[in-house]
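Please look over the sequence and the structure shown below before reading on.

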Amino acid sequence: MELLDLLEQRVDSLLGEAAALRAENRRLREELAAASHKDEEIWALQDEVAREKQVRDQALARVNALLSRIQSHLEDGPEKDPARVDTNSD
């Protein structure tokens, strides 16, 4: 009988360990899914940052072009401005 009691205790112990392992596996799967979701969020944010950088670079290029035009205009002087209309030529 003692052996039967010992066997019964061991089976109960193993069943408890199996239940604990199932719970741990479930928790780990949930953590993995959450981490995977966070990775997707990170990738989406990195893509967004890259797009914003591209827009910023384009805006910077346009501003630099405008500054170059202004500088060229200032160096040439207003008298060489083809858009300027001479109103004193009577």
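**A walk along the chain**

Asp 57 is partly exposed, with a relative accessible area of 30%; here buried means under 20% relative accessible area, exposed over 50%, and partly exposed in between, with a 1.4 Å probe and protein chains only. This is a predicted model, in which local features need pLDDT of at least 70 and side-chain atom pairs count only at pLDDT 80 or more, while totals for chains, interfaces and linings use all residues. Residues are numbered from 1 along each chain as its sequence is written, and side-chain values use heavy atoms, with hydrogens and water left out.

With which residue does the side chain of Asp 57 meet in a salt bridge at 3.0 Å? The partner is Lys 53, the distance being taken from N to O. A salt bridge is defined as a side-chain nitrogen of Lys or Arg within 4 Å of a carboxyl oxygen of Asp or Glu. Asp 57 and Lys 53 are four residues apart in helix α1, so about one helical turn separates them. Lys 53 is partly exposed, at a relative accessible area of 44%. Asp 57 also takes part in a salt bridge with Arg 56, whose closest N and O atoms are 3.2 Å apart. Arg 56 counts as exposed, with 52% relative accessibility.

Another pair is found in the helix as well. Arg 27 and Glu 24 form a salt bridge in which the closest N and O atoms are 2.9 Å apart. These two residues are three positions apart in helix α1, which covers residues 2-76, and therefore lie about one helical turn from each other. Both are partly exposed: Arg 27 has a relative accessibility of 37%, and Glu 24 has 36%. Salt bridges link Glu 24, Arg 27 and Glu 31 in a network. Over the whole structure, the search finds four salt bridges.

The helix itself may now be considered.

The surface comes last. Buried residues account for 1% of the 90 residues in the chain. The accessible surface of the chain is about 8700 Å², and carbon and sulfur atoms hold 57% of it; such areas come from the Shrake-Rupley method with a 1.4 Å probe, and for residues only the protein chains shown count as cover. A nonpolar surface patch is formed by Met 1, Leu 4, Leu 7, Val 11 and Leu 15, with about 550 Å² of accessible area together. Patches consist of residues with over 30% relative accessible area and no salt bridge, where nonpolar side chains (Val, Leu, Ile, Met, Phe, Trp, Tyr) are joined within 5 Å and like charges within 9 Å. Met 1 lies in the segment before α1 and counts as exposed at 77% relative accessibility.
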